Each structure stands twice: as structure tokens, then as C-alpha cells.
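User: I would like to learn how to read the features of a structural model, one at a time. Could you take me through them with the general idea before each case?

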Amino acid sequence: MASRTSKTSTASPVAKSNFAVEYNNGNIPCRLNHGSVKHKLEWKVDIAQVPFDPILILLASGLPETSHPYTFLSETGFRELLEQPDAASKINQQVVDRVIPHVKLALSNDSRFLAGLNSLESLSNVVHESLNVHLKSIMQQLAKKSTDRKLKERIMDVLQVLEQNGGKDALVAIKSKIPTYTPLIC
């Protein structure tokens with residue numbers, strides 16, 4: 001009688017999300033560089049040549065991810081692309097519109113809330129008032145967390161960035177959902 005043996009695999013866990021599938025297929029031009037102390041992203045191409053459509057959108061789709069290495073890859077890649085000096089010229093309203101649902105999904109997940117908040121801030125610093133059309137729906141998620149003592153200060157900091165970058169229209173959206181917010185613009 002043959003004995004049953006289990007096969008162990010050293011391959012990556014089965015990819016469940018679009019981001020994980022795209023990363024595992026090599027469609028995102030970066031990889032995790034495991035340093036001795038700190039992880040870094042290593043871009044396979046010059047980061048200045050990376051197209052925001054589709055790569056920024058793919059990275060945003062990974063923001064709600066909860067498993068390593070996808071959490072690190074999506075957050076860091078998203079931030080690094082938006083930190084490029086010419087980022088504003090590479091992103092248009094259609095890209096913003098396709099990124100926002102992923103940011104909102106991260107904001108709705110307790111374990112990914114800060115990743116969503118940090119990504120929202122990075123995006124605002126690049127697209128400024130282009131984010132205003134999405135602020136009312138984003139404010140719903142921020143309002144839910146704004147009373148949490150651990151998150152309140154960070155949320156207020158990001159709200160100030162949103163107001164500063166989005167102007168009076170952003171302030172109206174913020175105040176409509178978080179009436180206790182103290183505006184920068186007087």
C-alpha cells in the first residue's frame with residue numbers, strides 16, 4: 001500500500017487579489033529587496049520612466065492588502081511614484097478616479113487604515129484640487145475614525161493637508177462630515 005505524502009511548496013502563497021496576481025506575474029516593475037535591517041523597493045527600470053497608468057493604479061489596488069510582502073510593496077511603491085518630481089504631469093483625473101476606490105477600501109479596513117491615510121496624503125500633495133470631487137465619500141471613512149484617540153491627531157494632520165491642497169471646496173467637504181474640524185483658512 002502506497003503511503004500518502006504531502007507536497008510542500010516553497011512557492012508564494014496563492015495570489016488572491018489583482019495586485020498579488022500582477023506582482024507575481026512580474027507586471028509591476030519593482031521587487032522587494034530584503035535588507036539586513038530594513039526592506040527597500042528595488043525598481044527594475046528607472047522609476048522616472050514608470051507610467052502611472054497602469055502602475056500607480058496597480059499599486060493602489062494593493063493598498064487594502066493585509067499580507068506581506070504585498071502591504072510593503074503597494075504602500076512603498078505608491079509613495080515612491082508620487083514622490084517623483086514630475087509626478088503631477090503623469091497623473092490625470094482618470095488615474096485619480098481609478099486610484100480612489102482602492103484608497104477608500106484601505107481606509108475602511110482597520111488594519112490598513114493608516115496605509116490608506118498616508119496614501120491619501122501623498123496623493124493630495126500631487127493632485128491638489130483634483131481630489132475634491134472624491135472628498136465627501138472619503139470624509140465618511142475619516143469621520144468614523146476621527147474620534148479614535150490613537151488616530152485623531154494623524155487624521156487632523158491629513159485633513160489640513162487636504163484643505164491646504166484643495167482650498168475652500170475641500171474645506172466645505174471636510175466640514176460637512178467632520179464639523180469639529182478647525183480650518184486653516186480663516
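Analyst: What follows goes from the overall layout to single residues, and the model is a predicted one.

User: Let us begin with the layout: how many helices and strands are there in the protein, and what pattern does it follow along the sequence?

Analyst: A layout is read by counting the elements and then following their order. The protein has eight helices and two strands, and read along the sequence they give the pattern α-β-β-α-α-α-α-α-α-α. The C-alpha trace spans about 80 × 40 × 30 Å along its principal axes, and 45% of the 186 residues count as buried. Of the contacts with a separation of 6 or more, 64% are between residues 24 or more positions apart.

User: How should I read salt bridges, and how many does the structure hold?

Analyst: Side chains of opposite charge can pair when their charged atoms come close. The structure holds seven salt bridges, and one of them joins the side chains of Asp53 and Arg98, at 3.4 Å from N to O. This pair links distant parts of the chain, since Asp53 belongs to helix H2 and Arg98 to helix H5 (residues 93-107), 45 residues apart. Asp53 is partly exposed at 42% relative accessibility, and Arg98 is likewise partly exposed at 43%.

User: Which residue forms a salt bridge with Arg154, and is Glu121 buried or exposed?

Analyst: Arg154 forms a salt bridge with Glu121, with the closest N and O atoms 2.4 Å apart. Because Arg154 lies in helix H8 (residues 152-177) and Glu121 in helix H6, the pair ties together parts that are 33 residues apart in sequence. Arg154 is partly exposed, with a relative accessible area of 23%, whereas Glu121 counts as buried at 19%, the cut-off for buried being under 20%.

User: What of a charged residue without such a partner: how far from Glu65 is the nearest side chain of opposite charge?

Analyst: For such a residue, one reads its burial, the distance to an opposite charge, and its neighbours. Glu65, in the loop between H2 and H3, is buried yet has no salt bridge, and the nearest side chain of opposite charge, Arg112, is 7.8 Å away. Leaving aside residues up to four places away in sequence, Glu65 touches Ser17, Phe19, Ala20, Tyr70, Thr71 and Arg112.

User: Finally, the backbone: which residues does a cis peptide bond join, and what is the phi of His128?

Analyst: Backbone features are read from the angles, and then placed among the elements. A cis peptide bond joins His68 and Pro69, with omega at about 10 degrees, and Pro69 is found in the loop between helix H2 (52-61) and helix H3 (70-82). His128 has a positive phi of about 50 degrees although it is not a glycine; His128 sits in the loop between helix H6 (113-127) and helix H7 (135-145), and counts as partly exposed at 32% relative accessibility.

Technical notes
Residues are numbered from 1 along each chain as its sequence is written. This is a predicted model: local features need pLDDT of at least 70, side-chain atom pairs count only at pLDDT 80 or more; totals for chains, interfaces and linings use all residues. Side-chain values use heavy atoms; hydrogens and water are left out. Helices (H or I, at least four residues) and strands (E, at least two) are DSSP runs, numbered from the N terminus. Buried means under 20% relative accessible area, exposed over 50%, partly exposed in between (1.4 Å probe, protein chains only). Lys and Arg count as positive and Asp and Glu as negative; His and the chain ends are not counted. A salt bridge is a side-chain nitrogen of Lys or Arg within 4 Å of a carboxyl oxygen of Asp or Glu. Contact means heavy atoms within 4.5 Å.
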